[in-house]
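Colleague: Could you walk me through this chain, a piece at a time?

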Amino acid sequence: MKYLRLVLPLAAAISLSSVYAQTPAASDNTDLVADNTTTATPDNSATATPTAKPSPVAPVRELEDILVVDTLPTINSAVKIVLFNDNTWRYVRDREIVQDSTVYAKYWNTEAISPYREVPLSDLPKSVAIALVDSLKNYHYPYKGKMSSRYGPRRRRNHNGVDLPLKEGDPIYATFDGRVRFSQDTKTGYGNLVIIRHDNGLETYMGHLSERKVEAGQWVTAGQVIGLGGNTGRSTGPHLHFEVRYYGQSFDPERLIDFSSGLLRRETFLLKRSYFDIYSKYDQNFDDEIANEEDDKREAAEAAARRYYVVRKGDTLSGIAVKYHTTVTRICQLNGISRNKTLSIGKRLRVL
Ligand SMILES: [Zn+2]
């Protein structure tokens with residue numbers, strides 16, 4: 001799809017956007033264009049776990065038969081308004097500006113299925129809040145239907161995604177806005193595979209396609225048809241194999257999408273490192289979720305209870321222990337030191 005670069009005067013842009021203002025009320029969100037679409041949450045933060053029940057998000061319309069008729073500037077140079085031929089519009093990021101952001105620059109490889117091999121799991125944050133949709137980020141299901149196989153261990157080989165049976169030739173849609181990172185006939189189990197990297201840092205994999213409609217490097221919008229369902233690769237019967245990965249690590253796509261209704265489960269997703277375990281599945285969730293939340297709370301409480309003391313001239317471990325109503329043994333444990341250690345002035349000791 002080509003955006004026409006015909007630029008109308010700003011006055012026209014304002015009047016058009018007010019005529020068609022049935023989608024997001026979002027010009028106040030322009031700071032979201034910034035690079036950091038994902039925010040690592042500190043390991044010990046109790047606030048990292050959202051407690052409110054998330055509201056599901058309906059997909060945007062597919063862009064199959066809709067044409068872009070114009071692109072208009074907004075007050076933020078990184079955001080454009082795209083007008084469609086059915087009199088609707090969307091805010092979109094100006095890709096000329098976005099393409100230099102780290103998401104699309106780091107570990108960008110259009111020839112390898114996984115470009116993240118050198119990033120170990122232990123380097124990933126314990127949890128990360130991922131903005132899935134907002135006024136600039138749209139969602140569409142890749143395919144809607146009943147699953148024939150779910151995420152998890154399967155015989156001798158792990159199943160890193162979900163399988164959705166389909167009719168050969170059914171359209172497969174881009175899940176979020178982003179850029180095609182890989183589009184090839186892989187000669188592997190994936191068959192014809194399209195991988196899209198999204199603004200939110202996630203990558204989605206769509207395998208067994210009969211036809212690919214996008215090429216690596218191409219920008220795509222949620223709801224755009226990226227290929228047609230098929231039966232290529234290691235596949236018995238036409239189906240879509242769909243994976244979601246973060247830094248190359250897969251997690252259960254059902255954590256994001258209810259495939260039978262096509263709804264996105266939430267606007268912001270708290271991705272936990274524990275989800276990258278092949279045994280960590282969406283429907284074992286509630287016990288897991290509650291346990292995770294308890295862990296988070298306990299850690300946060302522990303962090304809040306910690307006390308530190310800066311060693312001054314004349315201090316002894318026993319003197320410090322008395323002052324904080326604790327023991328020398330405990331202080332030594334907390335700091336990994338022996339009780340004979342000479343205290344250096346200015347050293348920060350954890351005392352509680
Ligand atoms: Zn599969």
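**Strands and their partners**

Modeller: Begin with strand E4, residues 89-93: it is mostly covered, with five of its five residues buried. Buried means that 20 or more other C-beta atoms, placed from the backbone, lie within 10 Å of the residue's own. Strands are DSSP runs of E, at least two residues, and helices are runs of H or I, at least four, numbered from the N terminus. This is a predicted model; local features need pLDDT of at least 70, side-chain atom pairs count only at pLDDT 80 or more, and totals for chains, interfaces and linings use all residues. Residues are numbered from 1 along each chain as its sequence is written.

Colleague: Which residues point the other way from Trp 89, Tyr 91 and Arg 93 in E4?

Modeller: Trp 89, Tyr 91 and Arg 93 share one direction. The residues on the other side are buried as well. They are Arg 90 and Val 92.

Colleague: Which residue in E4 stands opposite Val 82?

Modeller: Strands pair if DSSP finds at least two bridges between them. E3 (residues 79-84) and E4 pair in the antiparallel sense over five bridges. Opposite Val 82 stands Arg 90.

Colleague: Which residue in the hairpin of E3 and E4 takes a positive phi?

Modeller: Four residues lie between the two strands. The positive phi is near 65°, and it belongs to Asn 87.

Methods:
Buried ≥ 20, exposed ≤ 12 C-beta atoms within 10 Å, placed from the backbone.
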